[in-house]
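Hi,

Here is the structure we talked about. Please open it and follow along with the notes below.

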Amino acid sequence: MPGSPVALTRLRIAITAFFAMDGFVFAGWVVRIPDIKHQTHASVGALGLALLGVSAGAVITMTLTGRLCRRYGSHRVTVACAVLLSLSVALPPLTHSVPALGAVLLVFGAAYGGLNVAFNSAAVDLVAALRRPIMPTFHAAFSLGGMIGAGLGGLVAGALSPTRHLLTLTVIGLLVTAVAGRTLLRHGIPVPHPEDRTEAAPRRLDRRTRRMVFVFGLIALCTAYGEGAMADWGALHLRQDLGASVGVAAAGYTCFALAMTVGRASGTRLLERLGRSRTVVLGGGTAAAGMLLGSLAPWVWATLLGFAVTGLGLANLFPVAVERAGALAGPSGVATASTLGYGGMLLGPPAIGFIADWASLPTALTSVAVLAAVATLIGAATR
């Protein structure tokens with residue numbers, strides 16, 4: 001039965017596997033971007049345009065996947081998008097021009113965006129059935145998968161060509177999909193607890209519900225802005241402004257990502273003790289304080305500490321925002337919050353660059369603290 005404890009446990013394991021696989025595959029692709037740039041003889045600007053294919057494909061698909069989940073079920077859409085993601089990650093090494101690379105990255109981005117909405121929708125259904133705030137654990141699996149994918153990708157980069165490496169990711173992705181996908185397709189969408197059925201997301205959303213979904217999307221945006229900024233600018237700040245070595249500079253994002261993974265792994269216990277509103281307020285405030293330390297401290301050790309505190313603070317904001325949006329509006333709510341969140345991740349790096357040109361990089365990085373504070377205020381106002 002879809003609602004039996006054994007079935008729910010199997011569904012939880014299967015959905016967790018998809019989250020981890022998604023992070024693993026995407027991180028493995030990111031590691032090989034320099035090799036693909038060399039292979040296609042792309043300039044920095046041309047590569048940037050090609051990489052926009054990932055973003056464009058993801059954003060376009062995210063807006064459509066909510067409807068597909070409502071029509072065919074989030075489990076079926078998750079499996080279909082996972083297959084497409086696994087197959088498309090092998091395509092970039094087969095291209096030899098920027099337009100061709102942009103085209104295949106559009107497909108890859110579409111699969112990535114669709115999978116994110118689909119498995120988040122499946123996770124929201126499972127959270128409702130279990131009546132436990134376990135959403136952060138799924139995102140912890142994504143973060144952990146990304147760290148493993150990046151680490152292993154860096155280790156094998158010298159031994160495997162991009163073609164063989166990404167083809168290996170295809171095989172791993174298809175194997176995970178074959179095993180975990182059978183569970184999703186066999187058990188179907190879990191039935192909410194009887195006491196929660198009156199809270200099920202309506203098909204026609206009233207104005208207040210749409211407004212609340214947008215508000216949760218803003219929290220996701222503020223969080224993802226910080227993730228994107230840290231990924232692209234954290235190491236440069238350590239290297240350029242503080243004179244850190246290459247290895248220490250690279251450790252900056254590792255501290256952030258590891259702290260975020262730990263924060264998400266313990267997120268369920270935190271949510272059970274504090275509740276969602278207090279978790280958002282505490283997390284946003286912690287992230288704001290950590291980023292002020294990380295961006296303005298004159299010492300490398302203090303900056304690394306600030307990056308880690310920022311990761312802990314931001315860890316559970318995105319999972320809470322997506323889960324609440326999904327609880328209110330179903331897959332369409334997940335799609336809205338995810339699209340806004342992904343938009344924040346896209347907005348972060350260029351916004352930091354523009355502010356850095358106008359003022360300085362440390363000043364620009366304080367914008368992460370500002371948006372974390374905004375998320376805190378939203379959490380307090382929507383208590």
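Let me start with a helix pair. Helices α13 and α14 are roughly antiparallel to each other, because angles over 145 degrees count as that, under 35 as roughly parallel, 65 to 115 as roughly perpendicular and the rest as oblique. They pack at an angle of about 160°, with their axes 9 Å apart. Axes here are lines fitted to C-alpha atoms, for helices over the stretch in contact, and angles run from 0 to 180 degrees between N-to-C directions. Helix α13 covers residues 317-358. Helices (H or I, at least four residues) are DSSP runs, numbered from the N terminus; strands would be E runs of at least two.

Two notes on the source. This is a predicted model, where local features need pLDDT of at least 70, side-chain atom pairs count only at pLDDT 80 or more, and totals for chains, interfaces and linings use all residues. Residues are numbered from 1 along each chain as its sequence is written, and side-chain values use heavy atoms, with hydrogens and water left out.

Back to the pair. α13 passes α14 in a right-handed crossing. Right-handed means the near helix is turned clockwise from the far one by less than a right angle; left-handed means anticlockwise. From α13, Leu 317, Ile 352, Ile 355 and Ala 356 meet Leu 361, Ala 364, Leu 365, Ser 367 and Ala 375 of α14. By class, that contact has eight nonpolar, one polar and no charged residues. Ala, Val, Leu, Ile, Met, Phe, Trp, Tyr, Cys and Pro count as nonpolar, Asp, Glu, Lys and Arg as charged, and the others, Gly among them, as polar.

Ile 352 deserves a look. Leaving aside neighbours within four places in sequence, Ile 352 is in contact (heavy atoms within 4.5 Å) with Tyr 225, Ala 229, Trp 233, Leu 361, Ala 364, Leu 365 and Ser 367.

α14 has another partner. The axes of α11 (residues 276-296) and α14 (residues 361-381) come within 8 Å and cross at roughly 165°. That makes α11 roughly antiparallel to α14. This crossing is left-handed. By class, the contact of α11 with α14 has 15 nonpolar, seven polar and no charged residues.

Now the core. The largest nonpolar core has 98 residues, and Ile 352 is among those with the most contacts inside it, as are Phe 18 and Trp 29. Helix α5 (residues 98-130) gives the most to this core, with 16 residues. A nonpolar core is a set of buried Ala, Val, Leu, Ile, Met, Phe, Trp, Tyr and Cys residues joined through side-chain atoms within 4.5 Å.

Buried means under 20% relative accessible area, exposed over 50%, partly exposed in between (1.4 Å probe, protein chains only). Beyond its neighbours within four places in sequence, Gly 114 is in contact with Thr 61, Thr 65 and Cys 81. Asn 116 is also in α5. Asn 116 counts as buried at 12%.

Last, two backbone points. His 41, with phi near 55°, lies in the loop between α2 (33-40) and α3 (44-72). His 41 counts as exposed at 70% relative accessibility. Arg 131 has a positive phi of about 60°. Arg 131 lies in the loop between α5 and α6 (135-156) and is partly exposed, at 42%. Most residues other than glycine have a negative phi.

Best wishes
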